[in-house]
Amino acid sequence: MASSSSLPLPHPFLFNNLQHSNRLRPATFTSKFQSNVAPLTVDSPPFPIFQPLQPNQSTSQLEPADPDFYKIGFVRSVRAYGIEFKEGPDGFGVYASKDVQPLRRPRVIMEIPLELMTTVSKKLPWMFFPDIVPIGHPIFDIINSTNPETDWDLRLACLLLLAFDQEDNFWQLYGDFLPSADECTSLLLASEEDLSELQDENLASIMREQQRRAREFWERNWHSAVPLKIKRLARDPERFIWAVAIAQSRCINMQMRVGALVQDANLLIPYADMLNHSFQPNCFFHWRPKDRMLEVMINAGQQIKRGDEMTVNYMNGQMNNKFMERYGFSSSVNPWDVINFSGNARIHLESFLSVFNISGLPEEYYHNTGRLSSGGESFVDGAVLAAARTVPTWSDKDLPPIPSLEKSSAKELQEECQQMLAEYPTTPEEDQEILDSMPESRKTFEAAINYRLHRKLLLEKINQALEIYQERLLF
Ligand SMILES: C[S@@+](CC[C@H](N)C(=O)[O-])C[C@H]1O[C@@H](n2cnc3c(N)ncnc32)[C@H](O)[C@@H]1O
């Protein structure tokens with residue numbers, strides 16, 4: 001989650017087909033730290049917090065989180081209001097446990113104190129959460145040998161592993177709820193076979209390089225002569241690479257002020273890191289310097305229904321390959337995805353925008369949903385916004401396009417879309433069949449097939465949009 005700041009995605013999954021992970025199932029949860037969990041002692045919140053639904057109370061078919069997940073947060077004064085943690089189609093997620101009427105101001109749903117976070121600042125002096133300042137520990141020298149500007153993920157991975165190793169540290173408890181290597185979608189954990197399934201050699205080679213970087217860091221610093229204090233943090237490279245994957249896919253970057261000091265910091269924030277991404281999020285993060293808390297807030301004016309997923313925007317303006325690099329997921333409706341057309345054909349931008357009822361400047365395109373329907377469903381989505389940004393256009397507001405010329409340009413662009421689709425070794429239907437036939441496949445394999453499928457779905461959507469454009473041109 002790169003920054004704070006904006007589609008609830010229709011999920012093709014049937015919830016009752018979910019593969020539940022061990023980390024969340026009450027029946028399989030066994031924490032060796034159970035006895036350290038103190039009774040609940042929190043102030044009375046404005047409305048019920050952290051009350052996991054009992055299975056027979058649940059109004060949805062999602063699996064509620066293990067009760068201990070809530071208890072450990074209570075102990076350390078995490079507060080949450082009107083939400084519950086459940087396992088959904090994108091792993092663990094945060095869901096509204098009650099309706100929220102649109103408010104004029106943002107509204108807090110979670111408060112997490114600095115003490116619980118694992119943080120690394122870009123510049124000196126380093127900031128860590130107080131429990132594990134590693135001065136005097138040999139991991140300090142390892143962290144110090146890295147470049148603070150570029151190696152934040154390696155630094156955070158070292159700190160996280162150190163936190164797991166510190167007796168009574170909160171992260172020992174919270175670690176039970178983090179995804180295991182099998183449950184992570186990060187391509188750092190992908191096999192060579194998974195990378196070849198991306199059908200994107202560029203992305204595959206970036207990920208090979210990232211895997212090599214993490215492995216070499218481990219080899220350099222976890223050689224046979226290192227003290228046991230270091231060795232036991234990551235006995236094999238896989239453990240270290242998993243920690244880097246956790247750091248990359250769960251870290252939030254924020255400017256935070258502590259006293260007079262403003263720091264650009266990378267933070268691992270428990271509970272807030274359970275929020276999934278959406279390009280139309282209903283929540284955002286806010287740092288409250290007064291008492292060193294991260295607030296998760298509902299956007300002003302946002303209507304929320306009980307059971308809705310609460311989401312944040314991890315990265316604005318980034319293509320699917322960037323989401324894959326860092327988080328191991330992509331979207332078929334990423335409004336920022338780009339297709340590189342190479343021909344000379346161009347269509348009239350303003351006409352295209354008006355056909356699809358898209359308003360605003362390119363950086364802020366938005367659309368009024370439901371205005372253009374195809375087959376009963378709303379046609380305009382993030383992929384049509386992406387089309388508006390990526391299709392070659394010409395612009396002259398006063399000069400209407402000549403319909404015959406405009407139609408032949410749109411046709412040319414459609415042909416290019418079809419040509420690009422034909423160059424892939426598999427069709428979208430074949431990709432979907434692979435996904436349907438392997439419901440228990442590795443997460444990274446599934447992410448790779450989804451990525452190439454999403455690219456093809458975007459091409460198909462652009463093709464369809466160009467068809468509708470020709471039909472509605474000048475009407
Ligand atoms: C910060 S964590 C969010 C919590 C996570 N779902 C879990 O189970 O712990 C980020 C990870 O969640 C998943 N994720 C988040 N948003 C997603 C989305 N919109 N689509 C698919 N996967 C998503 C990806 O695996 C990503 O690496």
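Helices α12 and α14 cross with a left-handed sense. Please keep in mind that the model is predicted. The points below begin with this pair, then turn to a second pair and to a cavity.

**Helices α12 and α14**
- Helix α12 covers residues 403-423 and helix α14 covers residues 443-472; their axes come within 9 Å and cross at roughly 160°.
- Angles over 145 degrees count as roughly antiparallel, and α12 and α14 are therefore roughly antiparallel to each other.
- On the α12 side, the contact includes Glu406, Lys407, Leu413 and Met420, while the residues from α14 include Lys456, Leu459, Ile462 and Tyr469.
- Sorted by class, this contact of α12 with α14 holds 9 nonpolar, 4 polar and 6 charged residues.

**Helices α6 and α8**
- Helix α6 (residues 201-221) packs with helix α8 (residues 237-250) at an angle of about 125°, and their axes are 9 Å apart.
- The two helices, α6 and α8, are therefore oblique to each other, and their crossing is right-handed.
- Among the α6 residues that meet α8 are Arg213, Phe217 and Trp218; among their α8 counterparts are Pro237, Phe240 and Ile241.
- By class, the contact of α6 with α8 has 7 nonpolar, 3 polar and 3 charged residues.

**The largest cavity**
- The largest cavity has a volume of about 50 Å³.
- It is lined by 12 residues, of which Tyr81, Gly82, Val100, Ile109 and Ile298 are the closest to its centre.
- Strand β5 (residues 107-113) gives the largest share of this cavity's lining, with 3 residues.
- The lining of the largest cavity has 9 nonpolar, 1 polar and 2 charged residues by class.

Definitions and conventions: Residues numbered from 1 in each chain as written. Predicted model: local features only at pLDDT ≥ 70, side-chain atom pairs only at ≥ 80, totals over all residues. Heavy atoms only, no water. Axes fitted to C-alpha atoms, helices over the stretch in contact; angles between N-to-C directions. Helix = DSSP H or I, 4+ residues; strand = E, 2+ residues; numbered from the N terminus. Parallel < 35°, antiparallel > 145°, perpendicular 65-115°, else oblique. Left-handed = near helix turned anticlockwise from the far one by under 90°. Contact = heavy atoms within 4.5 Å. Nonpolar A, V, L, I, M, F, W, Y, C, P; charged D, E, K, R; others polar. 1 Å grid on protein atoms, 1.4 Å probe; cavity = no way out; pocket = protein on both sides within 12 Å on 5 of 7 lines; lining within 4 Å. Points joined across faces, edges and corners; volume = space filled by probe spheres on them.
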